[in-house]
Amino acid sequence: MYDITIIGGGIIGSTIAYRLSKYNLKVLLLEKNSEFASESTKGCSGIISNAFNLDQDSIKINLVSLGYKIWTNEIFRIFIFKKRKTRMMSIALNDNELHELQDLYNRLIAQGVCSPTDIKISGRDEILFNEPKLTNNCIGGLISNSSWVINPIEATNEFLRNAKLNNVELRLNSNVTEINNKKDHFEITLQTFKKINSRYIINCAGAYASDIENLIGLYDFNLLTKKFEYRIFKNDDRPIESIIFHNNNSKFNSFFVPTLDGNIISAVSEKTLLKREDSDVVEINNNEVYQTISELIPKFNTDKLTGIL
């Protein structure tokens with residue numbers, strides 16, 4: 001009998017495994033794929049920030065703020081993996097967008113999530129001084145100097161290595177197909193028909209989290225997603241040095257991340273929420289994507305595309 005079974009071996013599941021390994025518990029982590037960090041973690045941007053670019057969801061803001069403190073005060077001091085402290089900007093191209101950023105700034109300060117030393121509202125001149133290749137249509141933005149970029153796969157592997165040293169059991173190729181509530185514990189059935197008994201389950205299944213909830217017999221949420229694509233470009237021309245966000249009022253949201261390996265991730269997402277099974281069949285128009293990129297960074301060389309995630 002396990003005390004806790006974690007379902008999902010990405011960045012979240014591995015972090016929880018590491019933290020639980022400090023206690024006298026029998027912990028099991030199940031990953032359905034043949035390697036860890038092979039789905040959402042593999043495709044994430046690796047940004048660690050202090051609730052800089054979130055909406056008005058106070059629960060999410062508070063959790064992200066707590067997570068940021070854990071990363072910067074604990075994890076960065078214990079583990080060795082690639083990371084870089086970097087500037088993050090959310091830019092405005094019109095008065096409405098700047099007003100929304102001012103509201104976000106006021107909310108983060110009022111809730112104590114950030115301090116005036118962490119974030120500030122800046123005018124056009126300071127934005128373009130820091131990032132001269134941004135569009136001249138930028139009228140201002142919100143700047144954070146306390147954000148980080150990490151390699152999420154390296155971080156996941158470090159957490160799992162530490163957890164395993166502290167007797168957390170790790171299993172690959174362990175797809176959960178059935179969960180039965182036995183009142184004082186759960187009986188978990190794998191695709192191989194092997195059965196596992198656990199007092200508690202922690203659901204870290206990422207995009208498949210609602211599927212795991214349904215197996216337990218809970219239907220509290222239906223996971224929705226947005227259609228997005230990561231385009232990876234060579235950073236030879238160094239068009240930006242900072243993480244750049246633009247949350248506009250039309251169809252797309254955009255952000256750009258200079259990665260640790262010398263590339264730039266350009267992510268463009270549609271605002272429309274979709275069911276997970278639909279997100280893979282809804283295509284984002286290439287012309288619209290490149291138009292969005294050129295509107296924000298006119299001299300961005302889209303010919304240096306190296307991959308799409």
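Predicted model: local features only at pLDDT ≥ 70, side-chain atom pairs only at ≥ 80, totals over all residues.
Colleague: Start with one residue. Where is serine 146 placed?

Modeller: Serine 146 lies in strand β6, which covers residues 140-150.

Colleague: Is serine 146 buried or exposed?

Modeller: Look at the relative accessible area. Buried means under 20%. Serine 146 has 7%, so serine 146 is buried.

Colleague: Which residues does serine 146 touch, beyond those up to four places away in sequence?

Modeller: Asn50, Tyr68, Lys85, Thr86 and Asp118. With asparagine 50 there is also a polar contact, side chain to side chain, at 3.4 Å.

Colleague: Now the largest nonpolar core. How many residues does it have?

Modeller: That core has 18 residues. Ile91, Ile127, Leu134, Ile244, Phe256, Ile297 and Phe300 have the most contacts inside it. Two or more residues come from each of β4 (83-92), α4 (124-130), β14 (263-275) and α8 (286-296). The largest share is from α8, with three residues.

Colleague: What is isoleucine 91 in contact with, leaving aside its neighbours within four places in sequence?

Modeller: Its contacts include Ile127, Leu134, Ile244 and Leu296. Glu97 and His246 are also among them.

Colleague: Last, helices. How is a packed pair described?

Modeller: By the angle between the two axes and the distance between those axes. Take α1 (residues 11-20) and α2 (residues 58-78): the angle is about 75°, and the axes are 13 Å apart. Angles of 65 to 115 degrees count as roughly perpendicular, so α1 is roughly perpendicular to α2.

Colleague: Which residues of α1 and α2 meet?

Modeller: Ile11, Thr15, Tyr18 and Arg19 of α1 meet Ile70, Trp71, Glu74, Ile75 and Ile78 of α2. Six residues of this contact are nonpolar, one is polar and two are charged.

Technical notes. Residues numbered from 1 in each chain as written. Heavy atoms only, no water. Helix = DSSP H or I, 4+ residues; strand = E, 2+ residues; numbered from the N terminus. Buried < 20%, exposed > 50% of the residue type's maximum accessible area, 1.4 Å probe, protein only. Polar contact = N/O pair within 3.5 Å; in protein donor to acceptor, adjacent residues only side chain to side chain. Contact = heavy atoms within 4.5 Å. Core = buried A, V, L, I, M, F, W, Y, C linked by side-chain atoms within 4.5 Å. Axes fitted to C-alpha atoms, helices over the stretch in contact; angles between N-to-C directions. Parallel < 35°, antiparallel > 145°, perpendicular 65-115°, else oblique. Nonpolar A, V, L, I, M, F, W, Y, C, P; charged D, E, K, R; others polar.
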